[in-house]
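Keep the structure open while reading.

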Amino acid sequence: MSKNLLIVESPAKAKTIENILGKDFTVVSCKGHIRDLPKEDNAIDVNNNFIPTYIIPDDKKQVVKELTRLAKSASDVWLATDEDREGEAISWHLCEVLGLDEKKTKRIVFHEITKPAILKAVQNPRIINRNVVDAQQARRVVDRLVGFKISPILWRKIARQGVLSAGRVQSVAVRLVVEREREIEQFKVSSYYKITAQFKIKDASGKQVLLKAELPETFSQEKDARQFLEKCIGAVFTIEKIEVKPAKKSPAPPFTTSTLQQDASRKLGFSVAQTMQIAQKLYEAGKITYMRTDSTNLSDTARQAMGKQITEEYGPKYWQERQYKTKSDSAQEAHEAIRPTYFDVRNAGDTTDEKKLYELIWKRAMASQMSDAQLERTIVDIGISTQPEKLQAKGEVIKFDGFLKLYIESALDDEEENEEETILPPLKVGQTLDLKQMLATERFKRPPARYNEASLVRNLEELGIGRPSTYAPIISTIQQRGYVVKENREGELRPFRILTLTGPAESKPNTLTAITDKEKTGVEKAKLFPTDMGRVVNDFLVKHFENIVNYDFTANIEKSFDEIAHGKKQWNKVIGEFYYPFNETVEHTLKTAERETGERMLGEEPQTGKPVVARLGKFGPMIQIGSAEDEDKPRFASVLPPLTLNSITLEQALELFKLPKEIGVYEGKNMKVGVGRFGPYVLHNNKFYSLPKNTDPLLINQEEAIAIIEAKKEAEANKIIQSFENGAIQILNGKFGPYIKAGTQNVKIPKSKDPKTLTLQDCHDLIAETETKQPATGKQAKVPANALQVFENGSIQILDGRYGPYIKANGKNITLPKNADPKTITLEECKQLIAAVSSGGKKTSKKTAKS
């Protein structure tokens with residue numbers, strides 16, 4: 001055992017650093033957080049300065065035990081967790097749990113995992129910064145109070161217990177998405193006509209080319225556009241003015257967390273979470289600097305190294321040293337932007353995605369220290385002899401490419417059409433131009449662009465909401481909770497008009513024609529859409545907790561956390577200023593708020609005259625015919641994507657009540673399509689086959705249903721690896737790898753075993769081995785009739801409840817994720833879900849289902 005024990009967060013980081021420090025140091029990982037708030041709502045003592053109670057989760061007890069053993073035998077303990085607030089808090093928790101003296105324990109930080117950076121950090125240790133710890137603790141406490149106070153209200157007023165939750169920042173992100181969607185829905189599309197012209201002209205080599213020009217103004221009516229074209233019949237087009245201006249383009253700063261997420265999205269198609277996962281691996285491997293930062297600062301050493309590399313590779317005229325000032329007031333200039341650790345390394349990473357992201361980071365950082373691009377922009381005014389309006393042609397020439405040799409920024413979304421700049425042929429004032437054709441094309445004004453993950457991060461940052469370490473969790477959480485979905489939309493065809501004036505040719509006069517063409521509109525790729533649940537929850541929060549989802553309030557509390565980190569405010573006083581008025585609102589809302597359903601009246605059922613309503617029920621969006629006061633019970637039907645409460649029509653709603661319906665015959669058996677608690681399905685020969693996502697069950701035909709059945713049968717055939725004892729014991733391919741299925745018991749196959757070569761005896765041995773590992777719980781627990789699987793003498797059961805399958809363990813019910821198959825889930829996977837709930841993950845419910 002070395003006398004120096006250095007603790008980091010991740011095993012990969014530990015391995016890299018141990019190789020640098022050598023035998024004098026033992027480097028180990030604490031594997032992230034070792035303490036957290038318990039899941040109970042009494043974790044914060046609101047009557048005692050908001051002092052939190054922390055526990056060590058079960059899955060971290062062994063880690064803590066080993067760290068304690070190592071710390072006792074070391075003369076010096078070094079804490080090298082990440083340099084952000086979360087990392088500082090983890091170091092403090094380590095001191096508390098391991099019994100370390102906070103004043104004597106050495107805390108080191110570094111922006112990159114390189115030998116010089118690590119050795120410099122070891123030479124300059126400090127103590128834990130309690131101000132930074134308090135800022136992180138304040139954030140955690142406030143978020144816990146918001147979640148545990150508001151979530152039960154949502155369960156009472158909107159949906160069943162455990163389904164909904166509210167978060168201080170996630171709720172604001174949902175509000176942004178909902179409000180943008182409503183802007184789009186309320187946008188009134190209007191058309192206009194754009195005039196463009198093409199002239200035949202000779203270039204420098206004498207070859208005939210086309211000069212493109214356009215009218216700066218547009219026309220709102222087709223008749224006005226037609227009138228303009230008619231006036232151009234027989235006109236002479238002459239160049240009246242040529243204006244040439246020098247221009248330049250400057251490079252963007254090196255990446256911060258949010259700009260990396262944005263550029264990786266638009267250039268590589270990465271999600272925000274994917275970008276951070278890949279960046280984490282590059283950082284831990286020592287390839288890039290720390291990836292959670294809002295600073296655009298570059299160290300003197302880094303700028304000098306970049307200048308040397310640029311000069312050697314491209315020449316001295318391409319180097320222009322720059323130091324960028326970070327726009328964010330909360331940014332710490334002592335931190336650095338995201339950059340490569342070694343600039344002479346052009347390619348790095350173990351996977352294709354890692355290599356792509358590294359290249360993006362390398363190019364952006366290098367370009368930030370390169371010269372401006374020098375341009376020449378030309379504007380040509382073209383006169384029309386028959387009217388005063390002038391056409392314009394624009395061109396751009398790159399005189400010196402500068403940073404453009406390496407890196408070009410691209411648009412984050414499709415809010416604006418990009419104008420194409422072209423190189424113009426030789427032109428002179430007074431030159432007459434030969435018209436080929438002039439078009440008046442109908443165009444349509446666009447609504448605001450929907451958010452994608454990257455543009456939502458950009459907007460959160462601009463509003464001062466969230467911080468580098470929170471952007472990815474925010475985006476993931478709002479999707480996991482079912483408030484927002486990321487989807488592609490195919491769009492629809494839309495007609496548009498084109499008027500064409502052809503130039504005179506071979507003594508033929510100008511001709512003016514008009515046609516109607518079609519174009520696709522509404523095409524969306526990986527955009528964020530609010531769900532019905534997201535809309536209803538947002539409206540409830542805006543109505544009753546306007547402060548919590550107010551953009552300024554959320555940004556201001558972030559600033560308060562920053563002030564705590566800088567020692568300007570006391571953390572529990574900041575929480576008190578927030579909590580007491582907030583708690584009064586909670587009490588008032590519990591007493592006075594009515595149930596929120598997002599109800600929308602669609603009309604009446606023609607046969608009965610009963611009202612038809614779209615609303616949110618306890619278990620999702622639905623259509624209701626009739627009311628509770630009627631003599632007959634109301635009828636209900638689920639609303640399925642792509643339909644929503646906001647978009648469904650009366651006709652579409654009434655169609656839902658025609659399900660289930662027969663759609664044909666296959667292999668001598670009838671096929672029915674319907675909707676069940678797990679979604680739309682095809683029923684054939686007493687077996688259910690789920691329809692693909694966003695498939696409308698009302699539109700599916702016999703051929704499509706047969707294709708779904710055959711695809712499922714083929715998948716099931718491929719799933720079986722081996723079968724013994726007439727199928728009583730099977731080796732199957734599962735979502736999480738191969739496993740043995742024996743009755744209601746599923747046994748995971750170790751990675752060291754080949755499932756294709758296992759014998760029946762091997763299967764029996766693995767089953768027996770699993771059973772011997774199960775804790776003795778006395779007599780077998782009672783197994784209810786709705787049990788799908790039973791583990792550990794009945795102490796863990798998979799039950800088929802009224803509202804879906806769930807795990808019953810330790811007197812608690814845990815809802816299974818939608819993508820988990822209750823019949824094939826293994827014991828280990830169940831334990832992972834139970835552990836996730838125990839460590840403060842998904843909420844549980846004692847009333848999730850009724851057996």
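One aromatic cluster is made up of Phe 545, Phe 553, Phe 578 and Phe 582. The model is predicted. Across the whole structure, a search finds 14 aromatic pairs.

**Aromatic pairs**

- Phe 219 and Phe 228 form one of these pairs, in a tilted arrangement, with 5.6 Å centre to centre and 45° between the planes.
- Phe 219 counts as buried because its relative accessibility is 17%, under the 20% cut-off.
- Phe 228 is also buried, at 3% relative accessibility.
- Tyr 318 and Phe 400 make another tilted pair, 4.8 Å centre to centre, again with 45° between the planes.
- Tyr 318 lies in the loop between helix H10 (300–314) and helix H11 (352–367), and Phe 400 in strand E11 (residues 387–400), so this pair ties together parts 82 residues apart in sequence.
- Tyr 318 is buried, with a relative accessible area of 8%.
- Phe 400 counts as buried at 17% relative accessibility.

**Charges over rings**

- Arg 35 places its charged end over the ring of Trp 92, 5.6 Å from the ring's centre.
- Arg 443 lies over the face of Phe 496, 5.7 Å from the ring centre.

**The sheet**

- Four strands build an open, antiparallel sheet in the order E29-E30-E31-E32.
- Strand E29 (787–791) and strand E32 (812–815) are the edges, and each pairs on one side only.
- From one strand to the next, the twist averages 25°.
- Four bridges link E29 to strand E30 (residues 796–801) in the antiparallel sense.
- Phe 791 has Ile 796 in E30 as its bridge partner.

Terms used
Residues are numbered from 1 along each chain as its sequence is written. This is a predicted model: local features need pLDDT of at least 70, side-chain atom pairs count only at pLDDT 80 or more; totals for chains, interfaces and linings use all residues. Side-chain values use heavy atoms; hydrogens and water are left out. Two strands pair if DSSP finds at least two bridges between them. Helices (H or I, at least four residues) and strands (E, at least two) are DSSP runs, numbered from the N terminus. Axes are lines fitted to C-alpha atoms, for helices over the stretch in contact, and angles run from 0 to 180 degrees between N-to-C directions. Rings of Phe, Tyr and Trp (its six-membered ring) pair if their centres lie within 6.5 Å; planes under 30 degrees apart count as stacked, over 60 as edge-to-face and the rest as tilted. Buried means under 20% relative accessible area, exposed over 50%, partly exposed in between (1.4 Å probe, protein chains only). A charge sits over a ring if NZ of Lys or CZ of Arg is within 6 Å of the ring centre and within 35 degrees of the ring normal.
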